[in-house]
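Please read them with the coordinates open beside you.

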Amino acid sequence: MNKNIYYLGVVSFFTDFASAMITPILPIFIVYILHDGVDKLGFVIAIATFISYFFRVLFGYLSDRFQITKPFLVFGYLLSAVTKPLFAFSSSYQSVAAFKSIERMGKAVRSAPKDSLISNYSKVNESGKTFGFHKTMDIAGELFGVISVFCILYFYGESEEVLRNIFLLTVIPGIIGVLIVSFFVEDISYKQREKKYQFQKDDYKLFPLLFTYFCFIFFILCDSFFIIVVKEAGYPTTFIPIFIIVLTLTQTLTSYYFGVLSDKKGSQTVLKISYLFGIFSILSLAFNSLWLGFIFLGVFTVASLNAIRSYIAQTAINQASIYGVFYGGIALFGSLGALSIGYIWQNFGQNSALIFSLCGTALVFLISLLVKR
């Protein structure tokens with residue numbers, strides 16, 4: 001495997017380490033510390049999701065159009081690293097949304113060019129394996145980040161001051177990631193690349209499959225809503241990171257496997273399998289099997305992402321542009337889904353939100369069976 005892929009994996013490890021220090025406590029911080037409702041949490045998720053994914057369309061296009069890769073990576077990682085600690089100074093869900101949007105803009109700047117760089121350094125017919133490895137490093141970082149949060153909460157308590165200090169500590173792993181990508185990751189040799197940035201016929205063939213995935217993302221509950229389910233079930237904040245540890249450990253153990261499976265059995269087959277795990281995750285919440293729900297959500301996340309990214313790498317002509325479209329679709333459908341679920345939850349209750357999610361994901365799965373290869 002190319003050394004640049006290893007270095008990018010290490011960068012992702014530290015960056016996701018920082019992100020995972022925020023994941024298990026931010027929903028609690030919004031709903032129970034700032035005393036805003038689940039609908040406000042849905043708003044924060046929606047705007048952050050939209051910013052994070054929609055602008056990947058732009059930077060994916062710019063990367064292909066002007067053949068810029070590494071500068072986007074460095075700036076994107078730097079922006080995220082310096083913004084995460086600012087959550088410590090939030091006083092309302094609006095300020096959380098503002099800081100989260102800026103932090104997610106960093107993700108938007110780097111994501112499509114990063115995927116393009118990984119594809120460029122991947123060996124022929126090993127894109128699924130490569131993305132599986134990279135996702136494994138992502139999730140390993142998340143795992144260690146969540147473990148560190150659990151240790152802090154266990155030994156120092158779950159007060160507002162402790163939560164704010166955790167936000168401040170994210171600057172350490174974030175800056176380490178920035179230094180590695182700046183000094184160790186090599187840029188793509190532009191002289192060896194053709195300047196193609198118009199959509200080609202093979203690019204358009206991906207759209208039906210991408211659309212079914214976008215619809216599934218609209219209906220499925222994200223991990224922030226899963227965390228609120230756990231809190232409403234009576235678990236203390238200190239032990240909520242353990243659920244995220246289960247989620248990330250599941251992703252770590254299965255990511256590489258599903259990447260290899262995508263190469264052997266086909267990305268579309270793995271994607272359909274991932275939909276089933278997504279449906280099972282919602283069913284588990286409905287029947288109060290919370291641990292199982294997090295496990296199924298973890299499998300859905302890595303299997304679907306590895307399958308889609310591998311399929312784009314194998315099929316698309318303008319990879320960064322198609323990755324941009326992929327992330328843009330997630331922006332639109334993911335943000336609308338978060339708003340819808342948050343509204344239903346706040347006004348009609350948790351069970352109504354779960355029924356909405358379950359019926360929608362099941363319908364999309366049935367439709368996906370009809371999409372031709």
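1. Is T49 buried or exposed? In this predicted model, T49 is buried, with a relative accessible area of 16%, which falls under the 20% limit used for that class. The residue is found in helix α3, which runs over residues 38-66. Leaving aside neighbours within four places in sequence, T49 is in contact with F54, I330, A331, G334 and S335.

2. On the overall make-up, the protein chain contains 16 helices and 0 strands. Its radius of gyration is 19 Å, close to the 21 Å that the globule rule gives for 373 residues, so the chain is as compact as a globular protein of that length. Taken along the principal axes, the C-alpha atoms fill a box of roughly 55 × 45 × 35 Å. Of the 373 residues, 60% are buried, and among contacts between residues at least 6 apart in sequence, 87% join residues that are at least 24 apart.

3. Helix α1 spans residues 3-22, and its 20 residues reach 30 Å from the first C-alpha to the last, close to the 28 Å expected at 1.5 Å a residue. This helix is mostly covered, since 15 of its 20 residues are buried.

4. D138, in helix α6 (residues 127-156), is buried, with a relative accessible area of 7%; not counting residues up to four places away in sequence, D138 touches S12 and D16. The C-alpha atoms of D138 and L58, which are 80 residues apart along the chain, are separated by 24 Å. S101, in helix α5 (residues 93-121), counts as buried at 12% relative accessibility. A polar atom of the S101 side chain lies 2.7 Å from the backbone oxygen of A97, and, with residues up to four places away in sequence not counted, S101 touches I47 and I51.

5. How many disulfides does the structure hold? The structure holds 0 disulfides. In the case of C222, the sulfur is 17 Å from the closest cysteine sulfur, in C215, which is too far for a bond, given that a pair must lie within 2.5 Å to be counted. C359 is likewise in no disulfide, and the nearest cysteine sulfur, that of C215, is 15 Å away.

Conventions:
Residues are numbered from 1 along each chain as its sequence is written. This is a predicted model: local features need pLDDT of at least 70, side-chain atom pairs count only at pLDDT 80 or more; totals for chains, interfaces and linings use all residues. Side-chain values use heavy atoms; hydrogens and water are left out. Helices (H or I, at least four residues) and strands (E, at least two) are DSSP runs, numbered from the N terminus. The expected span of a helix is 1.5 Å times one less than its number of residues. Buried means under 20% relative accessible area, exposed over 50%, partly exposed in between (1.4 Å probe, protein chains only). The radius of gyration is taken over C-alpha atoms; the globule rule is 2.2 Å times the number of residues to the power 0.38. Contact means heavy atoms within 4.5 Å. A polar contact is a pair of N or O atoms within 3.5 Å; within protein, one must be able to donate a hydrogen and the other to accept it, and residues adjacent in sequence count only if both atoms are side-chain atoms.
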